[in-house]
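Good morning, and thank you for making time for this presentation. I would ask you to keep the sequence and the model in view while I speak.

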Amino acid sequence: MEEIWYKNLSDQELWSRLIDSDEGALAFIYDTWFASLYKYGMKIQADSSLVKDCIHDLFTSLWHSRQQLSVTDSIKFYLFASLKRNIVKHSKAEGLFNLFKQQPVAQESHMPSYEERLIDEQTNNERNLKLAKVIDQLPKRQKEILYLRYYEGLSTQETAEIMSLSVNSTYVLLSKALNYLKSHSGELMTLLIISGYRPNGF
């Protein structure tokens with residue numbers, strides 16, 4: 001019942017509960033965002049132990065400094081930005097991004113046959129492999145901006161702040177990445193964005 005109660009709170013209300021020393025709010029935020037934080041952390045630094053340590057350090061710091069926190073209307077943005085700072089601080093190694101290796105499976109209105117499933121799987125694998133090869137050619141910063149905007153669905157403003165860029169520079173970097181993908185993968189990138197990643201409006 002307590003978890004359901006926390007789910008009904010806005011980000012501002014939930015964050016305020018944390019600031020007011022509500023341990024349940026901290027636990028709910030941890031349980032809600034750990035998986036997403038871990039996935040994002042692994043894009044920055046492919047070291048599972050390091051990423052987990054940084055996440056745990058982040059939440060420990062949140063609790064100890066809770067009374068100094070400012071209210072936020074986007075817990076996701078705050079956690080992602082904080083985790084990146086933690087990882088960068090703890091490691092100088094370059095992060096390797098492996099974006100879009102697995103695409104969500106579209107829901108079917110009927111039960112596909114074995115042959116249909118096999119064909120779909122082969123088609124998806126071919127598309128994923130092709131796109132992965134194209135993405136791998138991008139500079140690290142362009143990979144990161146695509147991940148934050150399209151995989152995690154952060155706004156341009158939030159992405160800019162996480163990456164320590166101006167909004168204009170973010171638009172330029174994003175445009176370069178998308179133009180490269182479009183020129184090297186034809187309609188594939190557009191298809192994947194529309195069907196799988198549901199980006200926010202620019």
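Let me begin with a definition: helices (H or I, at least four residues) and strands (E, at least two) are DSSP runs, numbered from the N terminus. This is a predicted model, in which local features need pLDDT of at least 70 and side-chain atom pairs count only at pLDDT 80 or more, while totals for chains, interfaces and linings use all residues. Residues are numbered from 1 along each chain as its sequence is written, and side-chain values use heavy atoms, with hydrogens and water left out.

On that basis, the protein contains ten helices and zero strands. Its pattern along the sequence is α-α-α-α-α-α-α-α-α-α. Of its 202 residues, 42% count as buried; buried means under 20% relative accessible area, exposed over 50%, and partly exposed in between, with a 1.4 Å probe and protein chains only. The accessible surface comes to about 11,900 Å², and carbon and sulfur atoms account for 51% of that. Areas of this kind come from the Shrake-Rupley method with a 1.4 Å probe; for residues, only the protein chains shown count as cover.

Contact here means heavy atoms within 4.5 Å. Among contacts between residues at least 6 apart in sequence, 72% join residues at least 24 apart.

I turn to the helix packing. How are α2 and α3 arranged? Helix α2 (residues 11–19) and helix α3 (residues 23–44) pack at an angle of about 130°, their axes 7 Å apart. Axes are lines fitted to C-alpha atoms, for helices over the stretch in contact, and angles run from 0 to 180 degrees between N-to-C directions. Helices α2 and α3 are therefore oblique to each other, given that angles under 35 degrees count as roughly parallel, over 145 as roughly antiparallel, 65 to 115 as roughly perpendicular and the rest as oblique. On the α2 side the contact is made by L14, W15, R17 and L18, and on the α3 side by A25, L26, F28 and I29. By class, this contact has seven nonpolar, no polar and one charged residues. Ala, Val, Leu, Ile, Met, Phe, Trp, Tyr, Cys and Pro count as nonpolar, Asp, Glu, Lys and Arg as charged, and the others, Gly among them, as polar.

Helix α3 also meets helix α5 (residues 75–90): their axes come within 10 Å and cross at roughly 45°. That makes α3 oblique to α5. Among the residues in this contact are I29, W33 and S36 of α3, and K76, L79 and F80 of α5. The contact has ten nonpolar, two polar and two charged residues.

Which residues does E152 touch, leaving aside its neighbours within four places in sequence? They are S36, K76, F80 and Y147. E152 lies in the loop between α7 (140–151) and α8 (156–162), and E152 is buried, at 8% relative accessible area.

S21, in the loop between α2 and α3, has a positive phi of about 70° although it is not a glycine; S21 is partly exposed, at 30%. S164, in the loop between α8 and α9 (167–185), has a positive phi of about 60°, although it is not a glycine. At 67% relative accessibility, S164 counts as exposed.
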